[in-house]
Amino acid sequence: MKRSDDVFFFTLIDFLLQVFFFGLVLYVVADSLQSELKAEREKKEEQVKKIINATGVSNLVELTDILTNLAPIKELKGTADFIDKAGGIEKVMAAVNVAQQAGGAENISPKLDELRKLKEGFGKPPCLFSAVGDKKVPKPLATVVATDTSISFLGNSQDLEDVLKLVGRSYDSVRELPTAEFRKVFAPLLVAKPDCRYSLRFRENTRLVYARDAARFSFYLNIEAAK
């Protein structure tokens with residue numbers, strides 16, 4: 001075989017190898033794309049199945065008909081934006097549950113108003129208050145500290161002395177009272193002052209509710225952590 005023939009032969013082999021390699025690359029790429037498309041298609045089919053099962057419809061066509069009849073697309077988008085701004089579907093559902101427990105959305109506003117009135121001392125007007133505009137802001141009669149077993153006054157004042165006269169007590173006799181005794185001592189205030197109620201600055205140094213319940217029987221409470 002001549003040298004020129006050898007060169008031609010090897011050149012041909014090199015060309016065929018390159019064609020084979022290029023074809024192999026195309027096959028691998030095409031197979032990879034088909035696998036990705038298949039996986040994506042299976043993923044979408046699985047999502048559709050989950051939606052169909054969750055909604056209780058028999059097929060995608062029925063689901064599409066239901067969604068089409070629900071509302072115009074622009075309204076659906078507005079609903080989605082509202083849910084997103086409200087913190088997601090879980091928070092929206094929690095708010096709905098709260099509204100249902102309150103007896104419906106129409107009952108929430110009155111209940112919030114009642115809570116505001118209690119906070120401001122307006123369940124009954126405060127007996128002792130400061131006028132701020134057209135509001136009566138309750139002034140605490142005294143500061144008390146509550147423990148597991150007792151309620152103690154931190155100091156005396158003329159206002160407190162006046163109240164103690166209404167229940168027939170002196171400051172020394174009420175400086176520290178057992179929880180149950182505190183309720184008994186100040187219960188007569190409900191009769192002596194039926195049209196208003198005094199407030200206490202209530203420092204709570206207990207996880208039990210007995211002291212709070214005993215004081216709340218006769219007073220509005222401004223509760224704060226004990227110092």
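The torsion about the S-S bond of Cys 127 and Cys 196 is about 100°, so the disulfide between these residues is right-handed. The two sulfur atoms lie 1.9 Å apart, where a disulfide is taken as a pair of cysteine sulfur atoms within 2.5 Å, and by this rule the count comes to 1 disulfide. The bond links distant parts of the chain, with Cys 127 in the loop between α5 (108-120) and β1 (129-132) and Cys 196 in the loop between α9 and β6 (199-204), 69 residues apart. Cys 196 counts as buried at 17% relative accessibility; buried means under 20% relative accessible area, exposed over 50%, and partly exposed in between, for a 1.4 Å probe and protein chains only.

The structure is a predicted model, in which local features need pLDDT of at least 70 and side-chain atom pairs count only at pLDDT 80 or more, whereas totals for chains, interfaces and linings use all residues. Residues are numbered from 1 along each chain as its sequence is written, and side-chain values use heavy atoms, with hydrogens and water left out.

The protein contains 10 helices and 7 strands, these being DSSP runs numbered from the N terminus (helices H or I, at least four residues; strands E, at least two). Of its 227 residues, 23% count as buried, and the accessible surface comes to about 16,600 Å², of which 59% belongs to carbon and sulfur atoms; accessible areas come from the Shrake-Rupley method with a 1.4 Å probe, and for residues only the protein chains shown count as cover. Among the contacts with a separation of 6 or more, 44% are accounted for by residues 24 or more positions apart, contact meaning heavy atoms within 4.5 Å.

Leaving aside neighbours within four places in sequence, Arg 197 is in contact with residues including Pro 125, Pro 126, Cys 127, Leu 190, Arg 216 and Phe 217. Leu 190, which lies in helix α9 (residues 189-192), counts as partly exposed at 30% relative accessibility. Together with Val 191 and Phe 217, Leu 190 makes a nonpolar surface patch of about 250 Å². Patches are made of residues with over 30% relative accessible area and no salt bridge, like charges being joined within 9 Å and nonpolar side chains (Val, Leu, Ile, Met, Phe, Trp, Tyr) within 5 Å.

A salt bridge is defined as a side-chain nitrogen of Lys or Arg within 4 Å of a carboxyl oxygen of Asp or Glu, and by this rule the count comes to 4 salt bridges. One of them joins Arg 203 and Glu 224 at 2.8 Å, N to O. Because Arg 203 lies in strand β6 and Glu 224 in strand β7 (residues 220-225), the pair ties together parts that are 21 residues apart in sequence. Arg 203 is buried, with a relative accessible area of 18%, whereas Glu 224 is partly exposed at 24%. In another pair, Glu 181 and Arg 169 meet at 3.5 Å, N to O, linking helix α8 (residues 179-186), which holds Glu 181, with the loop between α6 (158-166) and α7 (171-174), which holds Arg 169, 12 residues apart. Glu 181 is partly exposed, with a relative accessible area of 30%, and Arg 169 is partly exposed with 31%. A further salt bridge is formed by Arg 175 with Asp 172, the closest N and O atoms being 2.9 Å apart; here Arg 175 is partly exposed at 41%, while Asp 172 counts as exposed at 60% relative accessibility.

Two strand residues illustrate buried positions. Leu 141, in strand β3 (residues 140-146), counts as buried at 5% relative accessibility. The C-alpha atoms of Leu 141 and Asp 159, 18 residues apart along the chain, are separated by 6.5 Å, and with neighbours within four places in sequence left aside, the contacts of Leu 141 include Leu 128, Asp 159, Leu 160, Val 163, Leu 200 and Phe 219. Ser 150, in strand β4 (residues 150-153), is buried with a relative accessible area of 9%. Beyond its neighbours within four places in sequence, Ser 150 is in contact with Val 145, Glu 176, Leu 177, Pro 178 and Thr 179.
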